[in-house]
Amino acid sequence: MSAINIADVSRTPRAGVKGAGAAAWLAALGLPVPDAPNTWLSIEGGLIARLGLAEFLVEGPASAKLAAPPAHGVYPVLRQDTALVAAGERLDELLAEICSVDFQALGPAAQPVVLTTMAGVTVVAIPAEESGMPALRLWCDSTWGAWFCQTLAEVAGELIQPIPTNHQGATS
Amino acid sequence: MKIMTCPVNGPRAISEFAYGGEIRSMPDPATCSDDEWADYVFNRNGSPGVKREWWCHLPSNTWFVAERDTARDVVLRTYLYEGEG
Amino acid sequence: MRLPAQPGEWIDRTTPLGFRFEGRDYTGFAGDTVASALAAAGVSMLGRSFKYHRPRGLLSAANHDVNAMMQWGGMPNLRADATPLAAGMDLEAVNTFGTLERDAGSMLGHLSRFLPVGFYYKAFHGKRLFPLWEKMFRAMTGLGKVDFSAPRQRTPKRYGFCDVLVVGGGTSGLAAALSAAEQGAQVALVDENARLGGSTQGASELVGKVLAHPRIRVFTDTYAAGYYADHWVPLVERERITKMRARAVVVAAGAFEQPAVFRNNDLPGVMLASGAARLIRRHAVQPAGRIVLLAANADAYQALADFIRAGIEVAAVVDLRGTLPSEQRALPAAHDIPLFAGHCILEALPSSDGRRVAGVKIAPLGQTQAIAELACDGVFMSVGWAPAAALLYQAGTKMRYDAGIEQFVPEKLPDGVFACGRVNGVHTFASRLLDGERAGSAAAAHCGLGGAKPIAVPTETDSPTHPWPIVPHPEGKNFIDFDEDLQLSDLENAIQEGFDNIELMKRYSTVGMGPSQGKHSNMNALRVLARATGATPGEVGTTTARPFFHPVPMSHLAGRGFTPERRTPMHALHEAAGAVWMPAGAWQRPEYYAIHGLTREACIEGEALAVRQGVGLIDVGTLGKLEIRGPQAAEFLERVYVSKYAGLKTGMTRYAVMCDEAGVVIDDGVIARLADDHFYFTTTTSGAAAVYRELSRWNTLWKMDCGIVNLTGAMAAMNLAGPKAKQVLTGLTDVDLSLPFLAVREGNVCGVPARLMRAGFVGEWGVEIHVPAEHGARVWQALMQAGQAHGIRPFGVEAQRLLRLEKGHIIIGQDTDGLTTPGEAGLDWAVKMDKPFFVGQRSLAIIASKPRPRQLVGFMLPADHAGPAPQECHLVIDNGDIAGRVTSIAWSPALQRHIGMAYVKPGMDAAGSTFAIRLSDKTLVSAEVAKTPFYDPDNLRQKEEA
């Protein structure tokens with residue numbers, strides 16, 4: 001496994017919903033609903049993430065359920081994300097260049113969801129583990145996706161093979 | 001880089017937020033005088049002190065209230081808006 | 001001269017490094033600084049002073065020796081005492097005219113009588129000669145040369161996190177770091193030197209413990225550049241900046257040893273005792289053969305021990321204090337070194353070539369007649385300290401002057417900020433250990449880790465700082481600020497001229513404004529001002545210490561720089577079709593599509609013509625797209641837009657104008673009703689994020705029964721327009737294309753769920769097609785394919801602008817500005833004042849009762865207009881006064897003349913009347929007011945049924 005690996009999983013089916021009635025509606029559809037804001041749960045073939053207070057992202061085959069007609073206080077959110085899985089030994093160094101959130105301090109045990117910006121792009125981030133390596137699920141609006149992926153690759157690339165800088169008398 | 005604590009998302013760098021101005025109550029536009037209305041639209045309280053302000057956590061589009069002591073640049077507390085007063 | 005191996009020396013004698021300085025070759029070792037290598041080689045003159053070009057050498061060896069700055073090729077202003085020696089360096093002193101040895105600028109020293117403090121304010125007034133003076137100043141001032149061909153470098157920054165940040169790896173910093181780590185804190189310890197340990201010996205055991213501790217991260221060769229809100233501290237390392245966020249900060253930054261002020265105290269060989277001691281200990285360099293030690297504290301005698309051990313001959317110890325503790329007296333006595341207590345140095349005497357000190361004249365304090373002349377090639381000074389408190393000041397610490405130790409110390413520290421060691425007024429070694437332990441424990445406790453240990457730190461019994469190490473001299477050249485070449489008389493004159501508070505004196509004299517930012521001059525200057533005005537140093541106060549603590553390379557500050565770019569799903573297709581890109585905010589949009597052999601204007605005209613005569617397709621995916629659902633959705637829209645929507649039929653759209661509370665137009669778009677409780681609406685490209693945010697805020701306040709979703713990035717959108725558009729679309733959609741003008745339909749296009757809106761847009765039959773982003777490219781391609789037979793052309797932003805201008809459609813932010821109300825922009829028809837409430841309503845009612853200040857009108861230039869045409873923002877002139885301005889203008893191929901929009905004074909807006917527009921060259925062009933639309937005034941083409 002390379003020091004940093006970024007995989008594009010945008011094609012995975014997903015759907016979103018928000019509103020005061022969303023949690024109850026999802027439960028009525030038979031989905032487990034994360035209680036606390038900014039947490040997520042595993043479901044078969046995917047996950048359900050509570051984004052902030054009252055918005056949900058469902059990924060995997062279960063997302064098809066969200067095509068059901070919405071109820072009162074339920075507002076469907078069309079998801080067209082660029083979705084990525086970033087993993088590797090040096091993932092933390094990559095994150096340290098693009099994001100001011102301290103992921104180490106989170107503790108993946110609580111299954112946190114982080115809504116923040118990375119490299120200036122709004123993202124949903126979920127820390128995870130992949131084959132014992134630190135990993136991160138990332139979603140961003142697909143109109144930022146191309147630039148975002150390009151930038152991640154650039155930063156990761158430079159980490160692995162630093163561009164020689166002119167150390168000629170660099171002053172402190 | 002100042003820290004602002006979103007009531008839903010926790011403490012973050014202030015670059016993740018937008019400031020929405022001091023929370024002010026709108027006089028009844030149907031009954032107030034022109035002067036009262038113009039004062040509401042154009043004038044702001046410039047004196048230092050503790051203010052209740054609108055703030056928005058941009059990545060999550062969460063609007064909330066921050067009580068900020070503008071004289072000392074200290075955010076006293078933040079909470080979701082629950083109505084006037 | 002190089003000494004034999006010193007315990008714990010920093011140099012690696014197995015790695016010699018050759019380098020060049022001022023054309024001569026030298027050799028040093030890895031671990032040397034440039035200054036230490038030159039000192040080992042016996043080079044004393046390292047540079048020329050800023051104003052007088054006097055020979056200068058090392059003063060502090062602590063990174064504020066501005067007179068020892070060098071240039072290496074394209075790298076300017078390397079500080080010799082802080083720059084590690086590298087093989088192959090080829091260095092020259094900055095600020096010389098000629099060479100360091102033969103500096104033509106040294107004649108300025110003889111002109112010093114004509115260069116008093118602030119002389120540049122008093123001379124050079126004649127305007128005629130000023131260009132000459134300016135050239136002279138530019139040539140003479142400034143340090144180092146910029147190489148404009150140097151490659152641009154950026155070093156990416158990174159974020160860092162810790163519980164306790166300890167700034168300073170000396171005695172108290174090490175103790176603080178260990179103490180905090182022992183209580184469970186994640187500690188980051190920062191020191192600007194290559195190794196931990198600070199300026200004192202005896203810390204090596206501590207250093208070992210710190211390096212071994214799993215919770216302490218050590219950053220050497222790193223300094224904290226400043227303190228920013230909420231414990232945000234940029235750590236400047238050799239390779240990059242780490243933006244460190246701490247939960248508590250311990251400032252253990254130490255203190256700057258201060259120079260004594262006496263005539264010729266700037267001669268090479270006159271230096272701070274701590275600097276000399278550092279050269280001996282770290283680099284095994286003997287800085288001088290025979291010295292006079294100017295003392296006033298215990299530190300002097302500790303340094304004396306180092307000097308004796310290094311084999312330096314000590315001609316005498318001159319102590320400013322009349323009485324000193326017996327254990328201090330004992331040391332010179334034991335080595336038969338004469339001690340002159342209660343004496344001072346009157347002046348240092350230069351060698352015959354003026355390049356080094358050769359002796360000193362001493363006298364009892366207060367007497368002007370020398371009682372002895374002592375030969376020496378070095379004068380080491382240890383008379384006092386000034387706290388390195390910049391970070392404390394920046395954090396908002398209230399400091400007070402402690403007369404017991406003659407130093408400013410923290411009086412009230414902000415939450416989460418702690419101080420220990422010399423910066424905290426604690427100087428004795430054992431006390432510094434205790435103070436560090438106390439501060440580190442308190443910092444950890446502040447982070448919720450353990451309790452703050454109640455450690456009492458004894459106060460200093462003797463002052464480590466002399467309150468007045470300053471000796472006047474009738475012939476001057478007793479320097480206070482070595483960066484700026486300021487003598488004692490300069491400050492006294494400034495004060496006498498009325499610049500008698502600390503802020504004024506600083507700015508008038510420039511004391512403390514040089515590259516070392518007053519590290520060795522501010523305190524003495526403050527003392528001079530205090531004495532002259534009869535105030536205490538505490539009353540005089542200090543000036544603001546601003547970041548950065550040391551100079552920061554531009555490459556580090558630039559960092560990587562993220563400028564995110566937004567692209568529609570059809571981006572690659574546009575690229576393949578020859579799109580010439582233009583930024584629209586963060587988006588990239590095709591300005592036009594380039595065709596080989598055609599000019600930009602010809603391409604744009606061709607695209608516009610294709611739309612008017614055939615069919616064109618444009619990507620409008622950058623528009624904001626919002627969706628609102630719920631029982632109160634219509635009511636909400638009626639509150640935030642100026643028009644009515646409650647009665648809008650399902651399946652129909654309506655133009656939408658949004659005003660702010662002042663009644664100013666801020667956005668426009670189209671609202672489509674998909675169901676009773678379901679609307680889909682657009683905003684301008686640049687307004688999308690702000691509108692969504694503001695609507696969200698309104699609903700947070702109003703809590704209406706509805707919800708808003710931002711689909712701007714989730715939906716692709718394109719507009720197919722032209723007389724042949726319907727034919728192109730036929731067969732690709734299940735939507736009945738006889739849908740009425742302004743209707744909206746949900747259906748399929750190319751097998752993909754879509755929303756179709758029939759709109760005016762560019763003035764031809766057209767539909768706007770919205771599909772989920774993932775299908776955007778496919779639908780675009782299918783439409784282009786189907787349109788081939790009809791000569792379909794993709795068209796870009798410029799053609800769109802032209803086509804819409806021909807229809808008189810306004811662009812928010814171009815034809816409107818920060819004050820435009822609906823009436824001024826011809827949008828009064830959209831405003832429904834009889835609604836119960838909408839944002840801006842009351843303001844518009846007030847505005848309606850006042851005369852309208854201006855009116856936006858359409859205009860045309862004469863068909864036979866020749867010569868340059870007006871541009872946007874050219875002024876409308878009426879009777880010599882400004883009467884308005886042009887907001888949009890373009891050559892219309894359909895009308896074969898220039899058309900545009902302009903603000904004019906009311907009364908000038910009658911159709912057919914003329915007005916004058918002034919070009920940049922002041923000529924006037926005549927324009928005729930025209931009703932809009934210019935093209936197809938009855939809108940038959942966009943409304944037509946096929």
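Helices are DSSP runs of H or I with at least four residues, strands are runs of E with at least two, and both are numbered from the N terminus. This model is predicted.

## An arginine in a loop

Start with C:R422. This residue sits in the loop between β28 (417–419) and α10 of chain C. Is C:R422 buried or exposed? Its relative accessibility is 10%, so C:R422 counts as buried; the cut-off for buried is under 20%.

Two polar contacts involve the side chain of C:R422. One, at 3.0 Å, reaches the side chain of C:D299. Another, at 2.8 Å, reaches the side chain of C:H427. Now set aside neighbours within four places in sequence. C:R422 then touches C:G254, C:A255, C:D299, C:W385, C:Q407, C:H427 and C:R432.

## A covered helix

Helix α4 of chain C runs over residues 171–182 and has 12 residues. From first C-alpha to last, α4(C) spans 17 Å, close to the 16 Å expected at 1.5 Å a residue. After α4(C) comes C:G184, with a positive phi near 100°.

How many of the 12 residues of α4(C) are buried? The count is 11, which leaves the helix mostly covered. Among the buried residues are C:L174, C:L178, C:A180 and C:A181. C:T171, C:S172 and C:G173 are buried as well. The cover over these residues includes the strands β9 (164–167), β10 (187–190), β11 (216–219) and β15 (248–251) of chain C. It also includes the helices α5 (204–212) and α10 (429–446) of chain C.

## Salt bridges within chains

Side chains of opposite charge can pair when their charged atoms come close. Over all chains, the structure holds 62 salt bridges. One joins the side chains of A:R137 and A:E59, at 2.8 Å from N to O. A:R137 is in strand β10 (residues 133–141) of chain A and A:E59 is in strand β5 (residues 55–59), so the bridge ties together parts 78 residues apart in sequence. Both A:R137 and A:E59 are buried. In chain B, the side chains of B:R77 and B:E67 form a salt bridge at 3.3 Å, N to O. B:R77 belongs to strand β6 (residues 74–79) and B:E67 to strand β5 (residues 62–69) of chain B, so this pair ties together parts 10 residues apart in sequence. B:R77 is partly exposed, at 46% relative accessibility, whereas B:E67 is buried, at 16%.

Chain C has a bridge between C:R612 and C:E764, with the closest N and O atoms 2.8 Å apart. C:R612 lies in helix α17 (residues 600–613) of chain C, while C:E764 lies in the loop between β41 (752–758) and β42 (766–772), so 152 residues separate these distant parts of the chain. C:R612 is buried, with a relative accessible area of 6%. C:E764 is buried too, at 1% relative accessibility. Elsewhere, salt bridges with shared partners connect C:E591, C:R600, C:E601, C:E798 and C:R801 in one network.

## Where chain C meets chain A

This contact uses 47 residues of chain C and 38 residues of chain A. Together the two chains bury about 3600 Å², with 57% of it on carbon and sulfur atoms. Three salt bridges link chain C and chain A. One of them pairs the side chains of C:R560 and A:E97, 2.9 Å from N to O.

The interface of chain C and chain A also has 14 residue pairs in polar contact. Elements of chain C that give two or more residues to this side include β8 (158–161), β34 (624–629) and α21 (773–787). Which element gives the most to the side of chain C that touches chain A? That is β6(C), with four residues. By class, this side of chain C has 25 nonpolar, nine polar and 13 charged residues.

## Where chain C meets chain B

Here 19 residues come from chain C and 22 residues from chain B. The buried area is about 1900 Å², and carbon and sulfur atoms give 60% of it. Three salt bridges cross between chain C and chain B. In one of them, C:E661 pairs with B:R24, the closest N and O atoms being 3.9 Å apart.

Polar contacts join 12 residue pairs across the interface of chain C and chain B. On the side of chain C, α19 (688–702) and α23 (841–848) each supply at least two residues. α19(C) gives the most, with seven residues. That side of chain C divides into nine nonpolar, three polar and seven charged residues.

Terms used:
Residues numbered from 1 in each chain as written. Chains lettered and ligands numbered in written order. Predicted model: local features only at pLDDT ≥ 70, side-chain atom pairs only at ≥ 80, totals over all residues. Heavy atoms only, no water. Contact = heavy atoms within 4.5 Å. Buried area = accessible area lost by both parts, 1.4 Å probe. Salt bridge = Lys/Arg side-chain N within 4 Å of Asp/Glu carboxyl O. Polar contact = N/O pair within 3.5 Å; in protein donor to acceptor, adjacent residues only side chain to side chain. Nonpolar A, V, L, I, M, F, W, Y, C, P; charged D, E, K, R; others polar. Buried < 20%, exposed > 50% of the residue type's maximum accessible area, 1.4 Å probe, protein only. Expected span 1.5 Å × (residues − 1).
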